[in-house]
Amino acid sequence: MIAYDAPVKYLSLFSGAGGLEGASASPLACCEIDPDCHAVLARRFPRAALHADVRELKPPRADVVAGGWPCQDLSVAGLRRGLAGERSGLFFELLRVAREAGAHTVIAENVPNLLALHGGTAFRLVLEALAADGFAYVAWRVLDARAFGLPHQRRRVFLVASRHYELARALHRPLPGFDQVDAPACAAFYWTAGIQSICYSQGFVPALKVGSSLSIPSPPALVFDGVVRKARADECLRLQGFEPGDFVGVKAAAQYRMAGNAVAVPVGRFAFGSLDGAAAPDGVAGKAGPAGIFAGGEVRRVEHPVPALANTLGALIDRDDRSMLSPRAANGLLTRLARSGKPCPPELRALLLAAGGL
Ligand SMILES: C[S@@+](CC[C@H](N)C(=O)[O-])C[C@H]1O[C@@H](n2cnc3c(N)ncnc32)[C@H](O)[C@@H]1O
């Protein structure tokens, strides 16, 4: 069993704004190709060396390599090229860096569709590639930011792949839980949808998105106290567990993009906490599922209790900001809803009409 009496030495790849990081340790180096992220990373991890393209990284020795590699070729919304895709194929760079750094553990993250893509063959490839490089034990678990007290539905699959069984298995320890504080009513939805579902959600926001390929932000809209407006960038950052003060000086479009790309901070810390090797279940032989463990070439399912989920959006937002959705945006949404026949809650319809729609 590994016991850490000094902060773990780790490398952060695909660092983004730094959501998949340890609670107490700072990375030795961060690797991120988006220059807007570097200002945030430098502020949050002043001792970390900053690198750009992972394909050029010559890593120093490290115990752990962590990274949420790009998901565009894996997600339901994309073309689903899988690990053969140019961007999601960067998984193999994560593996190369871990090998060259001599790491004993890899902590990784991606969209849950990784588990289902191509009938499960893409995920099997991930498990076997990790095992072939010596990370013989791989635990995975789909975690939702709402289960960590953030009113943001963000489900992602986390992997802990290790040479040490206890470290991988510890991903399956109980969740820390959170206080469900009383919050005034607030709903959220995708104001740019309407052809597809607007995902109207009471008490939480649907998953933050990165925005369009032209980097035009498309945050969810909020509905409270007779107001319907777009969530601000600082609110999106807080919905991911970041401190907006760490993003001062970064343009709003980049803040939205980073929030839409990131791992929610408490969820990333939970995945990192597996390095403590806490006791956890071993799994049931012969079945895969949203949580499991791979050992000795065999996939086993792990069962977890259904967690409580945060509904506290009304307490997180700035209720004094009563700016409204523009008439053009309100109009566009009402028109798309009318064409598609998708449902629109009556209170929202009334607000969109008040905002100048139709
Ligand atoms: C899913 S996001 C990870 C976000 C990060 N975990 C966070 O919490 O903010 C993937 C990141 O990989 C970065 N990226 C894409 N290609 C890269 C490359 N060749 N080298 C380094 N970073 C890259 C993207 O800019 C993006 O920020």
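The dialogue below goes through the domains, core, helices, sheets and ligand shell of a predicted model.

Visitor: What should I know about numbering and confidence before reading the model?

Guide: Residues are numbered from 1 along each chain as its sequence is written. The model is predicted: local features need pLDDT of at least 70, side-chain atom pairs count only at pLDDT 80 or more, and totals for chains, interfaces and linings use all residues.

Visitor: Which domains does the assignment give?

Guide: Domain bounds come from an automatic or database domain assignment. Here that assignment gives domain 1 (10-177 + 261-301) and domain 2 (187-260 + 310-354). Their C-alpha centres lie 28 Å apart.

Visitor: How many residues of domain 1 are in contact with domain 2?

Guide: Two residues are in contact if their C-beta atoms, placed from the backbone, lie within 7 Å. By that rule, 21 residues of domain 1 are in contact with 26 residues of domain 2. On the domain 1 side, the elements that give two or more residues are α1 and α8 (265-272). Helix α1 gives the most, with 6 residues. Helices (H or I, at least four residues) and strands (E, at least two) are DSSP runs, numbered from the N terminus.

Visitor: How do the residues on that side of domain 1 divide by type?

Guide: Ala, Val, Leu, Ile, Met, Phe, Trp, Tyr, Cys and Pro count as nonpolar, Asp, Glu, Lys and Arg as charged, and the others, Gly among them, as polar. The side of domain 1 that touches domain 2 has 10 nonpolar, 6 polar and 5 charged residues.

Visitor: Which residues have the most contacts inside the largest nonpolar core?

Guide: In soluble globular proteins, nonpolar side chains tend to be buried together. A residue is buried if 20 or more other C-beta atoms lie within 10 Å of its own, exposed if 12 or fewer, and partly exposed in between, with C-beta atoms placed from the backbone. A nonpolar core is a set of buried Ala, Val, Leu, Ile, Met, Phe, Trp, Tyr and Cys residues joined through C-beta atoms within 7 Å. The largest one has 116 residues, and Val 65, Leu 94, Val 106 and Val 138 have the most contacts inside it. Helix α2 (residues 91-101) supplies the largest share of this core, 6 residues. Both domain 1 and domain 2 give residues to the core, so it lies between them. Leu 94 touches Leu 13, Val 65, Gly 67, Trp 69, Val 106 and Ala 108, not counting residues up to four places away in sequence.

Visitor: Why is helix α7 described as largely enclosed?

Guide: Of the 10 residues of α7 (residues 252-261), 7 are buried, so the rest of the structure largely encloses the helix. The buried ones are Ala 254, Gln 255, Tyr 256, Arg 257, Met 258, Ala 259 and Asn 261. They pack against α1 (35-44) and α6 (233-239).

Visitor: How many residues of α8 are buried, and what covers them?

Guide: Helix α8 is mostly covered, with 7 of its 8 residues buried. The cover includes β5, β6 (137-144) and β7.

Visitor: What order do the strands of the open sheets have?

Guide: Two strands pair if DSSP finds at least two bridges between them. An open sheet of 10 strands has the order β3-β2-β1-β4-β5-β7-β6-β13-β14-β12, with mixed pairing. Its edge strands, β3 (49-51) and β12 (284-285), each pair on one side only. Within it, 6 bridges join β5 (residues 105-110) to β7 (residues 155-162), and these two run antiparallel. Asn 110 stands opposite Val 157 in β7. An open sheet of 4 strands has the order β9-β8-β10-β11, with antiparallel pairing.

Visitor: Which residue takes a positive phi in the hairpin of β10 and β11?

Guide: Asp 225 does, with phi near 45°, and the hairpin has 2 residues between the strands. The strands β10 (residues 221-224) and β11 (residues 227-230) are joined by 4 bridges. Ala 221 stands opposite Lys 230, and Val 223 has Val 228 as its bridge partner.

Visitor: Which residues come nearest to the ligand?

Guide: A residue is near a molecule if its C-beta atom, placed from the backbone, lies within 6 Å of it. Of the 21 residues around the ligand, Phe 14, Gly 16, Gly 19, Val 54 and Ala 262 come nearest. The shell divides into 11 nonpolar, 6 polar and 4 charged residues.
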